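Work through the exercises below with the sequence and the structure open. Try each task before reading its solution.

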Amino acid sequence: MPPAPELELIRGTLDLLILKTLSWAPMHGLAVLRWIEHATMEQLQIEEGALYPALHRLEQRGWLDAEWGYTDAGRKAKFYRLSATGRRQLTAELTRWSRYTNAVGLLLSAEPVP
Amino acid sequence: MTRAGKRRAFHLPASHRRLQNVVDEELQFHLDGRIDELIAKGMTREQAEAEARRRFGDMDIYGREAAAIDERILQEQRRMDILDTLSRELRLGARSLLRSRGFAATAILTLALGLGATTAIFTVLDAVVLRPLPYRDADQLMEVTSPVSKFKGDTLWRLARHEMFYFKDNARTLSDIGVYQSGEVTVLGEEVSGKPAERALDAHVSASLFDVLGFRPLKGRLFTPDDNHVRQATVVILGERYWQRRFGSDETILNRVIQIDGYPMTVVGILPASAQLPDEIVDIWTPAHVDPAMPPMNNHTWSAIARLKPSTTAAEAQTELTALTSHLSELFPNGESASFVENTGFHTQVRPLRAVVVGDVMTRALWIIFGSVLFVLLIAGANLSNLFLVRIDARRREMALRTALGAERFHVAMQFLAEGTIIAVLAAFLAVVLAQIGLRLLVVAAPSGLPRLSEIHLTASGIGFAIGGALVAAFILGMLPLAGGSALDIALLREGGRGLTTSRGRQIVRGALVISQVALSLVLLTASGLMVRSFNNLRAVKPGFDPAGVVTMHVALPEATYGKSYERTSTFYEQLAERIGHLPGVKAVGFSEKIPLASSNLCTGVMIEALAIGDCPPTSIISPGYVEAMGIKVNGRPLAWSGMNARSGDMMVSQAFSDRIWPTQSAMDKGVRLMGKGFFHVSGVAADVLANGFDQPPVALVYFPMLPTADSFLYGVPTYTNMVVKTVSGDPLKLTPAIGKLVSELEPQAAIANVQTMDALVAKSMSKRSLTMMLLGIAAAMALFLSVVGLYGVISYIVAQRQSEIAIRMALGAQMAQVGRMVVGQSMLLAGIGVVIGLVAAFATTRVMTSLLFGVSPADPVLMSLAALVLLLVSALAGYGPARRAARVNPADAFRTT
């Protein structure tokens, strides 16, 4: 457990992280979480339980498909897979996200004109 | 059951609890994974569990949130499933109906016909009988009248002014009471605008009537009690339509003075078009002279409407008014003296206004007609069921196969439900169109006597009725294949299995449907036959006058100038009769206060000379020429202008009056006094006139001349009367412009109105019967037609089913004629059973028509046998076609098909 400063997740970002994560491969909830931890070098603070309502909500919107299956260790788990509409949604979200961070970045790096 | 889809990759469990369990399992998997991970990193199990839980957060909340989402997903899926199934079945159904267009068209037309007729009649029933009158809280409105049963049978007198005030002040069951008299006035011509003088429908009202009926002015004000306290009113309120028609909706009309009957009256308000008297149109409202300060008089001429206090019943008001009426003779000896009450049986009657407006006979007639179209709908339904049964039979094997392959019974039924729904929806649509057309025709063609005619439109409730009926039909049709379940019998799949037993069960159902069709048709045929007989009997009655070529109209002279002189008024009429008599085609002209079938025949007190007794016959003030124009036969001398102008005092009585007063003597030269001192003397006895209707007893009329003798007078100068013109050629209504021209040449401020032929009045007096006859006739014709179609269909089907059996019979030597007889016999057997049941049903039900019948008993044996014969004949005809087909069966077929 590195006592590194943890970042609070900006609202709505979790959906994007889940979609992006699942774009690599179908996974169960825990695997999604592990991937997020790994990829962000454990800098994001997520209450783990919050992942599940988010997953189910994405499923309700039709962006994810869900299916029970077995892990390599032979345990029964619920796997999520990005659907075609989910993939389109991810593309749109990514564009929006980069425009957003760009804009914020521009402001933060701007200096008053003399 | 082949629904593929991404969301169906796994089945969401159905119940709430199971949903929660699945979510819990998912979360538990997460926790367990974490715990293993943490233990691997060196934690003890306890530490690992605590840490995993801390990281996870509140498991309960997250779990429930996720489960709630799953539940919504599930609901959505179910909805989609149902919509999917529905749209698929509807598509399938539509496709299969398109393949058999003949079946579809027949089914849709049959149902639409039945539903359309029922919807149209339901709409009429709803508008006329069921819907409240168009007033606020209309069920609180009561008509108050004074029956004088010992005196004049069911004649109703109205209220006297002092009675109204007495009830208004003392009746605690009534919140208010108002009175009115309706009639006509002449709105004088205006030189400035060039508008001609014209008659307008007017109501004299008490200010309280507006409160009772809940009227609010569109403009200006309504009347106040002060307006009612003057003898000659000076203010007037216009109806919205009249204001539009006569004054072009002129906004400056308020406070303008218009001349009515020669009196200047100031317009103080406009009432909206919706504000009308019950079933009566009013152009102009004027304040009646009803003042509590006026002395009580025995003058019961004011129509009264009262409003009950909330949560009071008509019966309570009746009890209270009866009690109050018993004090009238003490309080108003000049109004209702004790002897008057004793002799006449005078009392007060409270009736719901709606019942009065619509009338018992009309209500009954409409319910009977509604019942008859429901019969037609049932017959149409039976036909439809038969069509469906045939269709189901034809597809038994297909359905059995589907069942065998695992389709649920429900899903097989779904298919028929879908077909039924498509047919029902299309039929409902067509039915609404048919009903709309039917209603237009009805309103145009029918009945001047039908109350609330203007309120009849196809409304939401009518359309709802059609759709509701269609849905019920769809449901029944959808359930048909499940009934008995035989169609889904897998046993049918056995080799050559023809399910003979099940088909026999079906045969019975089909036969029963046809039998009930025939029975219902017989009831309707009998009912319409009874109406035709009644109507013919009525038409054959001799009414005592000759309506052919006779036209009548109101003629009114301005009261202010003519109202004081009998001579001046009489001279005007004489000159007018003289001039109109010269028009081409005119045979006779006369004037009469009362017109048969149009005027109410209330009575007037008279004194008989030698007998020194009083009597109360209906009286009519007539001119010479009237009996000739109306075609009333007279024994003795008819009135003549010369005699009347010489004040001869000649009068006439009707045969009925003569028979009552002088049963053993001749009425000639007997004296009768109306008012004043002098007696008139009978110069002729007029034939009886059925003035109250062809089905009513004759009216014992007494005719006084319009010019009284020097020492007697009438109850008023007849400035307002009816002109009767007898013509011999062409349409008498074509004379109207010429007559109007002669009238205004003679007196520019005179007006004519309400032109109608006696033929029209006769037709109107029979309108309830003719309407019932027409509609029952249509219903019976539809029933007969649909029954024949049904019978034909069933017999054809039976013949087709028995084709091989018939072939065998013929191979064994049966003659064509024998086979034909067998088939026709089968048709007539079904019809015969139906006829027997129908006769019993007709016997039991036609009694409800008694009040509509005339000169025929509801159980008329001739009519019933005739109806039975007609049905047996058509059933033989219906069997004839299939019989020919059966007879042509080739015996060799016996060995090919099976």
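Predicted model: local features only at pLDDT ≥ 70, side-chain atom pairs only at ≥ 80, totals over all residues.

Residues are numbered from 1 along each chain as its sequence is written, and chains are lettered from A and ligands numbered from 1 in the order in which they are written.

**Exercise 1.** Describe the side of chain A that touches chain B.

Step 1. Contact requires that the C-beta atoms of two residues, placed from the backbone, lie within 7 Å. By this rule, 20 residues of chain A are in contact with 21 residues of chain B.

Step 2. Helices (H or I, at least four residues) and strands (E, at least two) are DSSP runs, numbered from the N terminus. At least two residues each come from α2 (29-39), α3 (51-60), β4 (64-70) and β5 (76-82) of chain A. The largest share, 6 residues, belongs to α3(A).

**Exercise 2.** Work out the strand order of the open sheet in chain A.

Step 1. Two strands pair if DSSP finds at least two bridges between them. The 3 strands follow the order β2-β5-β4, with antiparallel pairing.

Step 2. β2 (27-28) and β4 of chain A pair on one side only, so they are the edge strands.

Step 3. Between β4(A) and β5(A) there are 7 bridges. Asp65(A) stands opposite Arg81(A) in β5(A).

**Exercise 3.** Is Tyr166(B) buried or exposed?

Step 1. Tyr166(B) lies in helix α6 (residues 161-170) of chain B.

Step 2. A residue is buried if 20 or more other C-beta atoms lie within 10 Å of its own, exposed if 12 or fewer, and partly exposed in between; C-beta atoms are placed from the backbone. Tyr166(B) has 22 C-beta neighbours inside 10 Å, so it is buried.
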